[in-house]
Amino acid sequence: MKPTSSPILVVLLIFPTLYLPSSFAQDYTQWGLPEGAKARIGKGRINDIQYSPDGTILAVAGSIGIWLYDAKTFQELALLKRGKYGVDSISFSPDSTTLVSGDPARDVILWDVAAREHKRLLQPGWANPRNRK
């Protein structure tokens with residue numbers, strides 16, 4: 001007699017996983033928030049937070065890069081990341097079109113906020129006229 005318990009056991013183990021409740025897929029930004037909090041921002045260590053001057057974007061600089069959020073809904077818009085370093089500090093231009101970031105390698109990066117990409121890299125010594133060639 002051939003044992004039939006193996007295929008039955010496999011079906012019994014796999015079938016329930018297909019119908020797991022969706023509660024495991026809850027939005028992680030809402031997990032464990034204190035009463036009255038709206039959302040969790042940033043991932044990793046946060047070093048700086050800035051609102052754009054026009055009030056539409058919240059930028060969060062941290063160990064991963066720069067997270068951009070919609071300032072009204074706090075929904076993620078983009079992650080700005082370049083290289084292996086995190087970001088220490090950020091600042092928006094007065095017209096909210098450019099974001100400037102500084103990283104631990106002392107690089108200064110200009111970001112195009114609308115395009116969500118870097119425009120220019122300024123490396124250490126760029127401000128000293130003697131270092132220009």
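Threonine 98 is buried, with a relative accessible area of 12% (buried means under 20% relative accessible area, exposed over 50% and partly exposed in between, with a 1.4 Å probe and protein chains only). The model is predicted: local features need pLDDT of at least 70, side-chain atom pairs count only at pLDDT 80 or more, and totals for chains, interfaces and linings use all residues. Residues are numbered from 1 along each chain as its sequence is written, and side-chain values use heavy atoms, with hydrogens and water left out.

Threonine 98 lies in strand β6 (strands are DSSP runs of E, at least two residues, numbered from the N terminus). Its side chain makes a polar contact of 2.9 Å with the side chain of lysine 119 (a pair of N or O atoms within 3.5 Å; within protein, one must be able to donate a hydrogen and the other to accept it, and residues adjacent in sequence count only if both atoms are side-chain atoms). Residues touched by threonine 98, beyond four places away in sequence, include Ser91, Leu110 and Trp111 (contact means heavy atoms within 4.5 Å).

Most residues other than glycine have a negative phi. Serine 96 has a positive phi near 65°. This serine 96 sits in the loop between β5 (89-92) and β6 (98-102). At 8% relative accessibility, serine 96 is buried. Arginine 106 also has a positive phi, near 70°. The loop between β6 and β7 (108-112) holds arginine 106, which is exposed at 59% relative accessible area.

Strands β1 (residues 46-51) and β2 (residues 57-62) pair antiparallel over 5 bridges (pairing requires at least two DSSP bridges between two strands). Isoleucine 49 has valine 60 in β2 as its bridge partner. In this hairpin, with 5 residues between the strands, glycine 55 takes a positive phi near 75°.

Definitions and conventions:
Helix = DSSP H or I, 4+ residues; strand = E, 2+ residues; numbered from the N terminus.
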